[in-house]
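Here is a short briefing on one chain. Look over its sequence and fold, then read the points grouped by topic.

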Amino acid sequence: MIAQAHECIWQKAVMEHMKHGTVARLAIKVSDCYRAFLDHLHALIPDDWKTIGEIKHHYFAAVAQYQKANEAISSGRYGEEITRLRLAKSSLSFALQKLSALTEITLHASFVQQMTTLDQSIDRDLIRAEKDNDVVYMETIPQPDQLAPILRSDMAKPILPQFILDPNYWLILPERPNDALFIKRPLFEKLVPFAVHQAASVYKDKKNYIVHVEILGKNKELNAEHQKLISEFRLPYSLDVIDDLPKELLDHAEEVQHLGGIQTLNDMLHKVQDMSKKALDLIEEGFNALEEENEQDVMLSKQYGKCK
């Protein structure tokens with residue numbers, strides 16, 4: 001926007017036929033602004049916008065050099081005129097080359113016409129200047145780095161509105177309290193701190209982990225284990241459907257019922273436990289007997305010595 005503002009001021013200077021030096025200073029400032037725009041381009045900016053910035057940067061650089069060339073010939077600096085015309089031709093050629101690369105966005109026809117007219121004027125003046133200098137003036141043509149830099153005229157600057165710089169601006173206006181839209185508290189007073197957003201984000205992540213990993217994940221593992229056991233025992237998924245139980249299981253159940261049912265199983269379990277206890281007692285007696293024999297063996301070995 002700053003570049004466009006400077007461009008408007010330059011256009012006004014051209015329409016009012018200001019001096020060549022003034023127009024040149026305004027034009028080179030426009031070129032600088034578009035250069036700054038190119039230096040701060042964001043990746044999301046379309047390529048055609050970048051191309052337009054390059055076109056205008058080089059076009060206004062050419063305009064500045066052309067105006068300085070006209071100023072030079074007015075002051076009798078014929079060699080400088082040629083150098084500046086060549087610089088203008090170089091910049092404008094690059095701008096015209098970029099103009100042909102535009103695809104989706106096109107520049108206004110009047111601006112394109114200005115570029116064409118400037119190109120024709122530069123060609124015409126350059127031929128005339130080189131011929132006059134070779135035949136009449138015979139001045140030394142300076143190198144571009146020997147030319148004095150073109151001064152800049154800074155005619156526009158970005159200014160932030162007061163109500164943006166000072167949020168209390170709306171609170172101190174005397175006529176505002178009676179306004180229905182009057183802001184009765186400072187802007188962003190109830191803005192949630194960034195730390196709260198961070199804490200909420202951490203809570204959300206932790207909650208998702210607990211729900212999806214520790215609850216749903218564990219439930220999935222248990223379901224898989226349940227299905228595995230059901231498959232191993234060849235049981236139906238619905239145990240309420242008795243008709244679907246395996247025949248072997250039904251036969252065993254019938255046999256148990258025929259032998260006395262649960263009571264018989266409990267009696268058999270108690271019998272097994274009793275037998276287990278008796279077996280443990282016998283094992284303990286055996287260990288005790290072996291221990292006594294070992295003690296006697298040690299005692300006799302000490303008394304009579306070991307047998308060879």
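A residue is called buried when its relative accessible area is under 20%, exposed when that area is over 50%, and partly exposed in between. A62 has 0% relative accessibility, so A62 counts as buried. Keep in mind that this is a predicted model.

**Overall make-up**

- The chain holds nine helices and zero strands.
- Along the sequence, the pattern reads α-α-α-α-α-α-α-α-α.
- Of the 308 residues in the chain, 25% are buried.
- The chain exposes about 23100 Å². Carbon and sulfur atoms supply 59% of that area.
- Take the contacts in the chain with a separation of 6 or more: residues 24 or more positions apart account for 67% of them.

**How α3 packs on α5**

- Helix α3 covers residues 47-74, and helix α5 covers residues 109-137.
- The two helices pack at an angle of about 40°. Their axes lie 11 Å apart.
- The crossing of α3 and α5 is left-handed.
- On the α3 side, the contact is made by I55, K56, Y59, F60, A62, V63, Y66, N70 and I73.
- On the α5 side, the contact is made by F111, Q114, M115, L118, S121, I122, D125 and R128.
- By class, the residues of this contact divide into eleven nonpolar, three polar and three charged.

**Residues of α3**

- A62 lies in helix α3. A62 touches A88, S91, L92 and L118, leaving aside residues up to four places away in sequence.
- A62 and R86 are 24 residues apart along the chain. Their C-alpha atoms are separated by 9.3 Å.
- Y66 also has its place in helix α3. Its relative accessible area is 12%, so Y66 is buried.
- Beyond residues up to four places away in sequence, Y66 touches L85, A88, L118, S121, I122 and D125.
- Y66 and S121 are 55 residues apart along the chain. The separation of their C-alpha atoms is 9.1 Å.
- E54 is found in helix α3 as well. Is E54 buried or exposed? At 15% relative accessibility, E54 counts as buried.
- E54 touches L38 and K98, again not counting residues up to four places away in sequence.

**A residue of α5**

- D132 lies in helix α5. Its relative accessible area is 26%, so D132 is partly exposed.
- D132 and Y78 are 54 residues apart in sequence. In space, they are 8.6 Å apart, C-alpha to C-alpha.

**Positive phi outside glycine**

- H17 is not a glycine, yet H17 has a positive phi of about 55°.
- H17 lies in the loop between α1 (2-15) and α2 (20-39). With 71% relative accessibility, H17 counts as exposed.
- M138 is not a glycine either, and M138 has a positive phi of about 50°.
- Where is M138 found? M138 sits in the loop between α5 and α6 (162-165). Its relative accessible area is 61%, so M138 is exposed.

**Helix lengths and the glycines that follow**

- Helix α8 runs over residues 247-258. Its twelve residues, at 1.5 Å a residue, should span 16 Å. The expected span is 1.5 Å times one less than the number of residues. The end C-alpha atoms of α8 are 16 Å apart, which agrees.
- Just after α8 comes G260, with a positive phi of about 125°.
- Helix α9 runs over residues 262-304. Its 43 residues, at 1.5 Å a residue, should span 63 Å. The end C-alpha atoms of α9 are 62 Å apart, which agrees.
- α9 is followed by G305, whose phi is positive, near 85°.

Technical notes: Residues numbered from 1 in each chain as written. Predicted model: local features only at pLDDT ≥ 70, side-chain atom pairs only at ≥ 80, totals over all residues. Heavy atoms only, no water. Axes fitted to C-alpha atoms, helices over the stretch in contact; angles between N-to-C directions. Helix = DSSP H or I, 4+ residues; strand = E, 2+ residues; numbered from the N terminus. Left-handed = near helix turned anticlockwise from the far one by under 90°. Contact = heavy atoms within 4.5 Å. Nonpolar A, V, L, I, M, F, W, Y, C, P; charged D, E, K, R; others polar. Buried < 20%, exposed > 50% of the residue type's maximum accessible area, 1.4 Å probe, protein only. Areas by Shrake-Rupley, 256 points an atom, 1.4 Å probe, with all protein chains shown as cover.
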